[in-house]
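Keep the viewer open as you read.

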Amino acid sequence: MPPPSADHPPPTPTLAAPTTPAPPASTRRVMRASAAVATARAGDGRTVVSRLASAPPLTLRQTGPHTVHLVSTAAGPLGGDRLALDLYVAPGTTLELGSVAATLVLPGPGESELLVTAHVGAGGTLRFAPEPTVLAAGCAHRLVVRLTLEDGASAFWREEIVFGRHGEPSGRCRSRFDVTRDGLPLLRQEFTAGDPVFDSSPAVYGPARCVGTTFLTARAKEPAVAEGVAVLPLAGPGTLVSALAKDAVQLRSRLEWGERTAVADEPATGATPW
């Protein structure tokens with residue numbers, strides 16, 4: 001290289017553009033969202049959906065006269081998210097709520113939570129049957145359901161949980177389900193999943209990869225048991241169906257058997273048996 005001169009000035013140093021480091025995962029902004037559905041009784045006796053409020057990822061779409069579906073418009077819930085869904089069924093009206101796809105719970109900083117609060121007025125009917133919740137490996141999730149029933153109200157409430165995606169271990173989940181009827185406790189249930197020490201025990205889940213429950217206000221005449229499923233009449237007007245299975249298809253089949261068994265002895269009045 002020739003020495004610096006007027007014809008060959010020394011090179012000007014080039015400064016690299018400053019870079020902003022990516023924020024660590026622990027600083028991810030957690031999501032707080034709430035959604036709500038309410039029904040009302042029209043003058044001619046029809047059910048109308050009087051309120052439909054959404055916030056991603058809890059997006060609601062009316063798909064029938066008294067049917068609403070949850071549509072996921074964002075990933076999650078992720079660890080740390082706080083989601084709430086409020087359902088109000090006015091006296092003498094009907095609401096059916098489902099989802100268009102399974103819910104995938106993902107890991108993140110802290111525990112995610114979904115709180116579902118439902119109130120069914122006198123003579124009202126609620127059917128809650130979303131697609132399964134999948135616990136991705138590494139997630140920590142809390143599911144809380146508070147269902148309140150007035151006199152003469154009917155409810156069908158199905159929950160299905162899958163222990164991880166294909167080929168991966170399950171994330172952790174704590175689930176609480178409370179049913180109150182006419183101001184009195186009807187059902188108080190809590191279970192956990194995702195602890196490999198306990199889950200693999202034959203006394204807990206054994207080799208099962210899915211767990212599910214259905215609560216119905218119809219009361220089975222007597223307890224019933226089949227492979228992987230049990231039907232338990234409650235002390236009050238209601239039945240709890242519980243099932244374990246190797247996959248979501250088998251779980252749904254076993255729950256549906258239990259649901260049919262629970263309503264088999266209900267009188268054929270033309271009203272919804274649950």
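This is a predicted model: local features need pLDDT of at least 70, side-chain atom pairs count only at pLDDT 80 or more; totals for chains, interfaces and linings use all residues.

Residues are numbered from 1 along each chain as its sequence is written, and side-chain values use heavy atoms, with hydrogens and water left out.

A pair of aromatic rings is described by the distance of the centres and the angle of the planes. Here, rings of Phe, Tyr and Trp (its six-membered ring) pair if their centres lie within 6.5 Å; planes under 30 degrees apart are called stacked, those over 60 edge-to-face, and the rest tilted. The whole structure holds four such aromatic pairs. One of them is the stacked pair of F128 and W157, with 4.0 Å from centre to centre and 15° between the planes. This pair links distant parts of the chain: F128 belongs to strand 9 (residues 125-128) and W157 to strand 12 (residues 154-162), 29 residues apart. Strands here are DSSP runs (E, at least two residues), numbered from the N terminus. Both F128 and W157 are buried, a word used for under 20% relative accessible area, with exposed meaning over 50% and partly exposed in between (1.4 Å probe, protein chains only).

Now look at F177 and F215, an edge-to-face pair with 6.2 Å between centres and 75° between planes. Again distant parts of the chain are linked, as F177 is in strand 13 (residues 172-181) and F215 in strand 15 (residues 210-216), 38 residues apart. F177 counts as buried because its relative accessibility is 7%, and F215 does so at 0%. Ring pairs join F128, W157, F177 and F215 into a cluster.

Next comes a charge over a ring (NZ of Lys or CZ of Arg within 6 Å of the ring centre and within 35 degrees of the ring normal). The charged end of R127 sits over the ring of F156, 4.0 Å from its centre.

What does Q189 touch, beyond its neighbours within four places in sequence? Its contacts (heavy atoms within 4.5 Å) are S175, R176, F177, D178, T213 and L240. Q189 lies in strand 14 (residues 184-193) and, at 18% relative accessibility, counts as buried.

Finally, the cysteines. The whole structure has zero disulfides, a disulfide being a pair of cysteine sulfur atoms within 2.5 Å. For C173, the nearest cysteine sulfur is that of C139, 7.4 Å away. C173 is buried at 3% relative accessibility, and C210 is buried at 1%.

Note on methods. Helices (H or I, at least four residues) and strands (E, at least two) are DSSP runs, numbered from the N terminus.
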